[in-house]
Amino acid sequence: MTVYPLYEKRKVISCNGLWDFEFKKDFDFLSPDLASLVFPSKIVVPGVWDAFPDWRGARGCGAFRTYLEIPVGKRAKLNIGAIGMYAKVFIDRKEYAFQDSPYVPVEIEIPASDKAARELIVLCDNRFNYSICNMFELYFDFYAYGGIFRDVELQILPEGAYIDWVGVDTLDWKKAKLKVTVKSTEKGSREVRIMDGAKTVLSEKRSFESGSEVFELEWPSKEAWSSEKPALHLLTVDTGNDSVTVRFGIRQVRTEKGQILVNDKVVKKLLGYCRHESHAQFGPALPLSQLLADIQILKDMGCNFVRGSHYPQDPRFLDLCDENGILFWEESLGWGQKATHFTDPKFVASQVDHTKKMIRASYNHPCIIMRGFLNEGETIKEEGRPCYETLVNLIRKEDPTRLVSYATMFDLRDLFLELCDVISFNTYPGWYAANCEDEHPLGEILPRLRGFVEKLKERGLGDRPLIISEIGAAALYGWRDPICSQWSEEYQSEYLKTACEEIIANPGIAGVALWQFCDGRTYRGSRSLGRPRTFNNKGTFDEYRRPKMAFHTVKKLFTEASK
Ligand code: ADA
């Protein structure tokens, strides 16, 4: 599969494959003794050690080693797609990067040397330690794996200044008017050609005085991107010594009267799932075949929407969403943080760094219509406001073309809803039921959903689209029960039927991301007593994508609604 962008004038080498490996339970991550490592094992990259039989469930430090072939005297760029939970990167035993942000790329420029084979060691650590990594905590409802779990790529760089980043915005979809931002690694005047294949669309000399240059142009093809017809275009920026090709779609997103519009057309209803990157066998290091299978399942069910919960997802999955017209909510890493987090400057700084990396990596995917952050944060305390404002403003500054939201569990009690373009409520009526005396509390669903619509109007937010960003019930795969009890496939199926019918019929609700696509591994220990098998079992599929009863129910409702 081709993953964008393409770098025609750089030699690009995949570093995926078998790497040397050593797992150390008590290794000192902060002052590592690299000389003590002997690398007795092999591991696959991308891969997480805690999903392999030899190190299943092990917490500690994993040392990954491989050798990079970089021609003598040439610089190179290393792109490590994602690490868990935090990592240090060493080239020839010198530290080049420390990253405390999982699920976003680590990018490193490797200076030239007189050695052709360069030793690369990546130390990954999956021990919870808030002072080293405040981005992931033990209480999160999904498992924190250790390793390198997305593609690793090496690019041999051209001489001189090179292109650091290209971003394409649609200014006017009808006229195919684009804004192209080109970032260079150095100031200095040079000719920039923007091309559609071999055809030059624009050619101008620019100074790159501020590091980046902005171009406005009309794209030769006017074919716009939509969910129904996801047309994609390739745009090449050439500066003579370097060239980058990005793939983009011509599309604009906005809201009006409680609805979401893509290229001025109302999206009838967003219908889909929250999706974790999770598999029983591979953890978060999903093979391409599984990513494609997930897309096929979603399309087959009539879904047009995925919420990437609760972190940036694999760029290959985003490419597949671009190609298949799946509208995507991209979200930075966060789960149930408290006001004490939001007032911690180090936590806010980590979120800012993570958010910038996420936006830089996914900017050109037309599938992404909205960005979210801090799932279910403690948004009922005023102290958190500066942090929320910082993140909303950051997203709007770095990426002004998309809608902003965050999923709240506090519905109308949430203090910061006014900051969002789209209101997103996570809600579990009839599962985490208000009335525990009721044996069959499905009756709680309708009043809760209808109440949201009414109360939003009362608060003056009736013009903002409302998404039910989570709703669902757990079912243990294979547990059938004639009395439709909690944890049975029957209860889950009934539950989702009740919820989906109302959401589809209610004009005040713009869409839904059901919780959740498939079962996913979560925390262990006594904390997991509400999580049988130590899985979050609210998947419509289990962790191998085997369908539960609810599959047929949801498929029928979504397919009919999307006709
Ligand atoms: C929350 C959370 C999800 C999941 C869910 C549940 O809404 O956002 O990640 O934990 O609850 O299953 O209870």
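I started at the ligand: a polar side-chain atom of Trp335 sits 2.8 Å from one of the ligand's oxygen atoms. I counted N or O pairs within 3.5 Å as polar contacts. His310 has a polar side-chain atom 2.7 Å from a ligand oxygen, and for Asn375 a side-chain N or O atom is 2.8 Å from a ligand oxygen. On its own the ligand has 310 Å² of accessible area (Shrake-Rupley, 1.4 Å probe), and the protein covers 96% of that.

Note on the model: it is predicted, local features need pLDDT of at least 70, side-chain atom pairs need 80 or more, and totals for chains, interfaces and linings use all residues. Numbering runs from 1 along each chain, and side-chain values use heavy atoms, without hydrogens or water.

Next I looked up the cores, meaning buried (under 20% relative accessible area, 1.4 Å probe, protein chains only) Ala, Val, Leu, Ile, Met, Phe, Trp, Tyr and Cys residues joined through side-chain atoms within 4.5 Å. The largest has 95 residues, and Leu514 and Phe373 are among those with the most contacts inside it. A second, separate core of 31 residues includes Tyr86 and Leu333.

Methods. Buried means under 20% relative accessible area, exposed over 50%, partly exposed in between (1.4 Å probe, protein chains only). A polar contact is a pair of N or O atoms within 3.5 Å; within protein, one must be able to donate a hydrogen and the other to accept it, and residues adjacent in sequence count only if both atoms are side-chain atoms.
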